[in-house]
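Please look over the sequence and the structure below.

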Amino acid sequence: MPSSSSSSIPLIAAVVVAAAMLLPTANSARAFFVFGDSLVDNGNNNYLITSARADAPPYGIDYPPTHRPTGRFSNGYNIPDLISQALGAEPTLPYLNPQLNGEKLLVGANFASAGVGILNDTGIQFANIIRISQQINFFRQYQRRVAALIGEYATEALVSQALVLITLGGNDFVNNYFFTPFSIRRAQYNLHDFSVLLITEYRKILTTLYGLGARRVLVTGTGPLGCVPSQLASQSRNGQCAPEPQRAAAIFNPLLIQMINELNQEIGAYVFIAANANSRQNDFIDYPQNFGFITSKVACCGQGPFNGIGICNPASNLCVDRDRYVFWDPFHPTERANRLIVETVLSGSEEYMFPMNLSTIIELDSKV
């Protein structure tokens, strides 16, 4: 009668073969991980009891093939979708999506949640959202799940070779510091000192991601906060960008680039890449016709002045040609604006991408 040890050999071999089949190959697309807020949320908030959701029409009106809401705060694709396409990969699934299992895990995961900020007290009005500390905890959990599939060594390789995108900061101003005329944070800090606080806390977040194995991290700054339709509707005079939120972006973004430069110097490698979303979106806002837009002030979907009051919903005004608008709703870009932003991420000069753009990263990494 064969011994138990010899009878287990075929079983072990089968397990090894199955694990090898799941391993990413040299020619497969790199994994992609996304952290942040509504600009990059692919639908995690659909699984939460929160008001910060994009699960009703006309969200997703141009999203193929269903033309239905997906949880993306866009008429179609958002920034992570378009970066995935550039990587030659399928879109990352929201981490809370029950379909994120097995081989799907090897594509990466989107941990982002609309409403969150750098600070834990940002977005409290939205109640149940995935704060950045929890997003990072989910990333730890993700690595344990993948290690159970392909082993710890292969998981470390998958993460270290992956691209990471993180987008935070805008909500800390719009939905915290400026949320009410007499917010707690405004009583505690002037605008410059509040920005310094955000950068200090953001540095801790980025350092944690590095400690968890991330080695290529795209970090976006805030856009032109005072120029979004919601701010034009509530704070603007004669359609001009609201000055205080604009000043916040002008303070925060240079501090972010400085911090990223310091982090890279300490590490001794270009781990963190800054994407200057503010400069690129200012181009759209100042010269919309140069990019084929008819307006950078009025949202495609909304109500009230500049379609900037409340949220986009089935009863909102809705433009016919979404490609002619910079803003989809009172806060978020259209798919076409997102495409232009991602084109800049891929090939932008140092004015927009520091110290290099994504195409350069991909080329460099292909030679390793």
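The report covers aromatic rings, then charges over rings, then backbone features.

This is a predicted model, in which local features need pLDDT of at least 70 and side-chain atom pairs count only at pLDDT 80 or more, while totals for chains, interfaces and linings use all residues. Residues are numbered from 1 along each chain as its sequence is written, and side-chain values use heavy atoms, with hydrogens and water left out.

**Aromatic rings**

A search of the whole structure finds 20 aromatic pairs. In Y189 and F194, the ring centres are 6.3 Å apart and the planes meet at 50°, so this pair is tilted. Rings of Phe, Tyr and Trp (its six-membered ring) pair if their centres lie within 6.5 Å; planes under 30 degrees apart count as stacked, over 60 as edge-to-face and the rest as tilted. Y189 is partly exposed, at 26% relative accessibility. F194 is buried, at 0% relative accessibility. Here buried means under 20% relative accessible area, exposed over 50%, and partly exposed in between (1.4 Å probe, protein chains only).

One aromatic cluster is formed by F33, F35, Y95, F111, F138, F139 and Y142.

**Charges over rings**

R280 lies over the face of Y352, 4.8 Å from the ring centre. R336 has its charged end over the ring of F293, at 4.7 Å from the centre. A charge sits over a ring if NZ of Lys or CZ of Arg is within 6 Å of the ring centre and within 35 degrees of the ring normal.

**Backbone features**

|---|---|---|
| P57 and P58 | about 5° | P58: between β1 (32–36) and α3 (79–87) |
| F354 and P355 | about 0° | P355: between β8 (353–354) and α13 (358–366) |

Helices (H or I, at least four residues) and strands (E, at least two) are DSSP runs, numbered from the N terminus.

Next come positive phi values. A127 is not a glycine, yet its phi is positive, near 65°. A127 lies in the loop between β2 (108–110) and α4 (132–150). Is A127 buried or exposed? A127 counts as exposed, at 53% relative accessibility.

N307 is not a glycine either, and its phi is positive at about 50°. The loop between β6 (301–302) and β7 (317–318) holds N307. N307 is buried, with a relative accessible area of 10%.
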